[in-house]
Number of protein chains: 2
Amino acid sequence: MPNTITGDTQLYAIIGDPIFQVHTPEMMNRLFAREGLNAVMVAIHVAPQGFEAAVKAFRVMKNLRGFIATVPHKTAAAALCDELGETGCAIGAVNAVRREADGRLVGEMFDGTGFVAGLRAHGHDPAGLRVLLLGAGGAAAAMGFALAQAGVASLTIANRTRSKAENIQAVVRKSFPHPIVKVGEADPTGHDLIVNATSLGMKPEDPLPLDTALLTPDMKVAEAIAKPEFTPLLTTARAKGCIVHSGRHMLEIQASMWMDHWWPKESAKSKG
Amino acid sequence: MPNTITGDTQLYAIIGDPIFQVHTPEMMNRLFAREGLNAVMVAIHVAPQGFEAAVKAFRVMKNLRGFIATVPHKTAAAALCDELGETGCAIGAVNAVRREADGRLVGEMFDGTGFVAGLRAHGHDPAGLRVLLLGAGGAAAAMGFALAQAGVASLTIANRTRSKAENIQAVVRKSFPHPIVKVGEADPTGHDLIVNATSLGMKPEDPLPLDTALLTPDMKVAEAIAKPEFTPLLTTARAKGCIVHSGRHMLEIQASMWMDHWWPKESAKSKG
């Protein structure tokens with residue numbers, strides 16, 4: 001349960017379109033209560049055309065400490081911030097924004113670092129692995145960036161629209177010259193870790209994001225989708241003997257990262 | 001305790017400067033919970049220069065159902081609404097605003113009707129009384145308007161700056177030709193009900209808003225100040241045998257009025 005909301009409660013928001021499906025307020029309000037903070041997170045439903053007005057208002061709300069931008073606002077949020085962290089700056093999207101006392105906004109993207117931290121927390125260090133990344137949206141960019149940062153041996157990005165995969169390839173290569181980063185097909189052959197960063201699997205009628213007949217028991221299969229916790233991909237992979245890793249972990253582990261971002265020990269890297 | 005906040009919780013805000021001192025979120029969240037509504041009210045601290053940006057954002061927040069404007073935003077809130085109720089239109093200030101599904105804002109002022117309803121609920125019908133109203137700010141305007149509407153015999157408005165008292169006199173006379181409305185001194189002699197609508201009494205060091213030596217036991221003394229519940233004026237008046245009426249009632253009784261405004265049975269009068 002959140003703390004009782006008073007006149008001096010600090011505000012946090014998660015903003016998205018749609019928003020009804022998010023569980024972030026429950027997660028964060030439990031955490032705020034456990035930490036003894038007089039703070040509350042609410043979910044705010046804003047369409048893309050209203051996002052800039054909402055962010056302008058966040059700047060003037062003196063007791064708003066920060067917000068989470070979720071789909072489809074992560075790129076727009078980065079563009080409206082005054083400062084960006086390293087990942088946010090590299091990929092041009094953020095999901096957590098801190099409001100400074102003077103109204104300045106400092107954003108960073110934690111989807112990728114959260115994903116990698118979730119893998120590690122479950123004993124799956126991606127260092128040295130050959131990774132197949134499915135998808136090339138905002139989440140895929142963040143995850144590709146973080147996987148390269150974590151020292152994967154290679155990263156194959158597979159996406160229906162090839163140019164989007166090439167964009168991620170370029171962004172990752174610019175920051176991390178070491179791993180082999182290539183654009184390829186949705187074929188798990190020759191990979192140790194398969195990561196689904198497409199939205200396929202959210203709806204029951206979605207097709208699988210790759211041909212599961214090609215999965216072998218030595219492969220690990222991870223999801224970015226948190227709900228359902230076990231997508232058809234994960235269920236099928238598990239049945240084939242693969243170790244599977246739910247998208248729920250990537251979300252849950254970000255809570256403490258967001259807290260660190262909102263109460264930073266050192267200031268974020270300047271955008272300019 | 002408020003309901004657990006989820007992705008589809010409806011939002012309400014109280015916005016003011018300062019805001020830390022308000023108890024409205026506690027009051028409304030208890031009420032929402034009792035009514036079984038998935039709704040929450042948060043307090044937002046916005047300075048006057050940020051108020052317009054905040055209201056623009058409220059328009060685009062699709063799950064925001066309404067807000068309360070408190071000091072110093074009540075006049076600005078009226079100016080930014082698309083529609084005003086009768087009192088809000090007459091006095092040019094509102095404290096409760098409903099957001100329609102299309103983002104249009106409908107405001108009304110309940111400070112005065114709340115005050116009168118609070119009086120009546122405690123057996124003090126102001127109809128036929130000779131009333132002395134101290135102060136000529138936003139609360140005083142709303143209370144003068146509502147007292148005239150309630151059928152007082154006369155209304156004397158006393159304020160340090162006489163022109164502000166004359167403004168209220170003009171506004172009240174325009175809507176209610178029947179009662180005698182005059183501008184006068186802070187002298188209770190010849191009045192049945194004394195109403196303090198100044199801010200004197202909020203701070204311990206404030207002077208009294210009138211010469212309490214002139215109070216007699218046949219007078220009723222009422223406050224707009226909710227905190228402290230018993231101001232020096234009320235304490236002194238009670239010691240002299242007057243019936244006293246705390247400003248807390250005017251706030252508490254408004255909760256149900258705001259609820260009716262947010263879930264209206266009929267639409268408010270157009271502003272235009």
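Into which domains is chain A divided? Chain A is divided into domain 1 (10-109) and domain 2 (112-250), with bounds that come from an automatic or database domain assignment. The model is predicted, and local features need pLDDT of at least 70, side-chain atom pairs count only at pLDDT 80 or more, and totals for chains, interfaces and linings use all residues. Residues are numbered from 1 along each chain as its sequence is written, while chains are lettered from A and ligands numbered from 1 in the order in which they are written.

**View 1. The contact between domain 1 and domain 2 of chain A.** Taken over C-alpha atoms, the centres of the two domains are 26 Å apart. Seven residues of domain 1 and eight residues of domain 2 take part in the contact (C-beta atoms, placed from the backbone, within 7 Å).

**View 2. The side of domain 1 of chain A that touches domain 2 of chain A.** Helix H3 (74-80) and helix H4 (86-91) of chain A are the elements that give two or more residues to this side (helices are DSSP runs of H or I, at least four residues, and strands of E, at least two, numbered from the N terminus). H4(A) gives the most, with three residues.

**View 3. Helix H8 (residues 232-239) of chain B.** B:Leu233, B:Leu234 and B:Ala237 are buried (20 or more other C-beta atoms within 10 Å of a residue's own, all placed from the backbone). They lie on the same side of H8(B) because they cover an arc of only 95° around the axis, taken from the directions from the helix axis to the C-beta atoms. Strand E10 (193-196), strand E11 (220-223) and strand E12 (243-245) of chain B are among what covers them.

Terms used
Buried ≥ 20, exposed ≤ 12 C-beta atoms within 10 Å, placed from the backbone. Contact = placed C-beta atoms within 7 Å.
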